[in-house]
Amino acid sequence: MKKKNIPAGKKALELVRGNAVPIMFVIICAIFIPMAGFSPSYLLNEIITRMGRNLFLVLCLLFPIMAGMGLNFAMTLGAMGAEIAVILVADWQIWGIPGVVLSMILSIPFSALLGFICGTLQNMAKGREMITSYIINFFINGWYQLIVLYIMGSIIPIIHASIMLPRGYGIRNTVSLLNMRQCLDDLLAVRIGGVKIPVFTFILVGLMCLFIIWFRRTKLGQDMRAVGQDMDVARDAGINVDRTRIISVVMSTVCAGFGMVIYLQNIGNLPTYTGHSQIGMFCIAALLVGGASVEKASIGNAFLGVILFHLMFIVAPGAGAFITGDSMVGEYFRVFLSYGVIALALIMYEAKKRMAKSKAGRELAEAQKEKEAAE
Amino acid sequence: MTTNTSPLLQMQNIKKDFFGNQVLTDINFTLGEGEVLGLCGENGAGKSTLMKILFGMDVIRETGGYGGDVLINGQKVEFNTPFDALKAGIGMVHQEFSLIPGFTATENILLNREPQKKNVVSEVFGERLNTLDYKEMDRRSAEAIEKMGVEIDSKMVISDMPVGHKQFTEIARELSKDQLKLLILDEPTAVLTEKEAEALLSSIRNMAAQGISVIFITHRLHEILAVCDKVVVMRDGYVVKDVPAAETSVEEITRWMVGRDVQSAAVSAGEVRSHEDAKTILSIKNLWVDMPGETVRNVSLDVKEGEILGIGGLAGQGKLGIPNGVMGLYEAGGRVEFDGKEIPLNNPRRCLDSSLAFVSEDRRGVGLLLDESLEWNIAFPAMQIQNKFLKNLLGGVIKWRDERAIHQVTQKYIDELQIKCTSSKQKAKELSGGNQQKVCLAKAFALEPKFLFVSEPTRGIDVGAKALVLDALKRFNRDSGVTVVMISSELEELRQTCDRIAIVSGGQVAGILPAAASSEEFGMLMISKVV
């Protein structure tokens, strides 16, 4: 009788251990929501808006995880590509849906090139993909600033002074995208009880999900999963490992570019020099909050993660104000938490590997004990 | 259908040397269609190298190719990559699994050969975006599994499978290749339970009946007799016997495998020492070690003071796990007593503090600081562990390296062990394998331990260096009274060096014999508990 109970308890423990991060966030949100004192409809509205804004970006992280390259901090590169595209389109005064579509198309060459560079570098640093991609960010960010701050206006013609710095070259700190603002979100938008649902954006997200599901069933998807689990075996089977890995990063960056355009049209303006800087970090944190790990992530993780992470984001300043009387504390708290989540996920990943290793030893010892007992 | 006069596979005068070290000499044998050939020999006899040549592995080409001809159906072939060999219909199941852990059996069986369906996207973006044809995949994997004749669950994920089923998945993968004519099985039964091994044997018979030839490498000799048409026995890079299986016996094969010229192997009588009356210096009880590929199960062993104890056995049977476990390099459990005091396991520092030393089989990984000078390499452990070669300044607050003492001790060992180097400042990585091994020994000697584990001291070094290394060990034991436990795959060198030899088989001590015992006795022990 007792023996039967233990596995059940163990199972529950295993479940909690496996989903420690999402559970922790559910608890945090449960505490913060009443403190912040927002109305349910406000919260719902905000969550829906942020889902539309961020989901696409988070989903593009799934490809490199599939290929075993971990969390792609370099999705920021796609965001940079999209920003360059959006600046150009804004300068050409192509607004509304055509502007958004053109930005997406225009971002492809930029993000694909950056993704290719990043993938090639990551192939040179196998096993250290994450830190490599993180540092590549800083490196490419320098290029981006060079382009935006000096080349645009001096070499690349910028027609409209409204987005240019007064000195005659370089782009202003903020580029207004007022004419593009929420044009995707408003398309087919439905209001239910005061909550605006951006149906078209959700359709795009849905298409992305379908694409990912379909992609897993393709030859390339299968190869990516094989490469992700064991590069040597995949290579022995004749799969071109390096190429497959580069493709996964390029796909991720290009999709991140699309995601960034969706993100920007929702926000309605482009913070030229800082817009991309936190994107990678927050998307990765959101995915991890949803219960993903460095080597395994699903569409469900992305949805749950975006909901929980952004719920925390929305209520943290209010809760901070409630506790300390200063909303800056909450602001601080949410940034601190998102870095904390990433660190936790990385540590847990290593700890799990080590636990699996010592498990083999324990089994051996037990087998020996059993044998002795039998004798 | 016997019109085809030339046999499926002919190996003619195959020769191979690794940088002047001859490992294969004039290998000749033939294999007909649907025949099963058993290939046996001790570790290092050249079986694996031969199979690597046949399978076109990169390592052969990188080390200068091979001599002689490989003929398939009477046609001379030369495989530059394993893919060429696959195209010619040769499949190989390696000792290490080559499976994707998170994939099902079906996905693994058809890895990178998945049947595909075209779709709109793939028409535009290329074939890699074809979707997989899961129905066809199921059908083909079922077909391969049926061909094999052993039931495995094609939907089961590899990581959930018992080890035997993983092996069968590998075999099914080779069988699913339509062009397969020759299947090489490298110790496939090593990981199987008896029942599974039985199933594999019948599946080999089954394959042969379908016209597939099989080369079957195993240490379980009765399996060879049970399933093979003929037996090829290799020793020291030569084929010493090529006989029909029906005409031989396990005892005979064993003798061919290990028994070289018995005279040369005999230990000269004056050297045989007995330490039966000496006290037990190291006592191992119920040791288990989780070293991948060298698992140790329930080993109990007593080492007498002043002796040289050899530990031998076939590769993968656990002999390497014993020193690595005792010294705390791999997770281990059980009880180890040294000189009457218990030594905690999983704690290398405590072992070293109790003046045990270990020369690892992994020279480059564990043994040496490759980018540092010989002086550093030799003095470093002694400096770290025993505060040797240090000058104390300010009453011991600051410790200064005593460069002069380090130089002296290094020079001493360079002379003693005849380490070939330009100077004691040369970097360890610039030395040859044999000389690196000597540095590893010098490093251990500099610790002046009471007890020394030496693991595979002669692996990958030439004959001259071998003799020197073994001699140095012997001298160290005789002159300084250090107890030595030497682990080696080569029975002969154990017999030349040691007083007693323990044979490990299946992770356990199968028996301990005096060095003068006959090769046959050792051979029988080696395969007695093979799992």
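Two strands are taken to pair if DSSP finds at least two bridges between them. In this predicted model, strand 15 (residues 308–312) of chain B meets that criterion with strand 23 of chain B, the two running in the parallel sense over four bridges. Within this pairing, Ala502(B) of strand 23 has Ile311(B) standing opposite.

Strand 23 of chain B also pairs with strand 24 (residues 508–514) of chain B, here in the antiparallel sense and over six bridges. Ile503(B) finds its bridge partner in Gly511(B) of strand 24. The hairpin formed by strands 23 and 24 of chain B leaves two residues between the strands, and Gly506(B) adopts a positive phi near 60 degrees there.

How enclosed is strand 23 of chain B? Six of the six residues in this strand (residues 500–505) are buried, so the strand is largely enclosed by the rest of the structure. The cover extends to both faces: one side carries the buried residues Arg500(B), Ala502(B) and Val504(B), while Ile501(B), Ile503(B) and Ser505(B), likewise buried, lie on the other.

Turning to the interface, 20 residues of chain A are in contact with 24 residues of chain B. On the chain A side, at least two residues each come from helix 10 (219–229), helix 11 (231–236) and helix 15 (327–374). Helix 15 of chain A gives the most, supplying seven residues to the side that touches chain B. By residue class, this side of chain A comprises eight nonpolar, seven polar and five charged residues.

Note on methods:
Residues are numbered from 1 along each chain as its sequence is written. Chains are lettered from A and ligands numbered from 1 in the order in which they are written. This is a predicted model: local features need pLDDT of at least 70, side-chain atom pairs count only at pLDDT 80 or more; totals for chains, interfaces and linings use all residues. Two residues are in contact if their C-beta atoms, placed from the backbone, lie within 7 Å. Ala, Val, Leu, Ile, Met, Phe, Trp, Tyr, Cys and Pro count as nonpolar, Asp, Glu, Lys and Arg as charged, and the others, Gly among them, as polar. A residue is buried if 20 or more other C-beta atoms lie within 10 Å of its own, exposed if 12 or fewer, and partly exposed in between; C-beta atoms are placed from the backbone.
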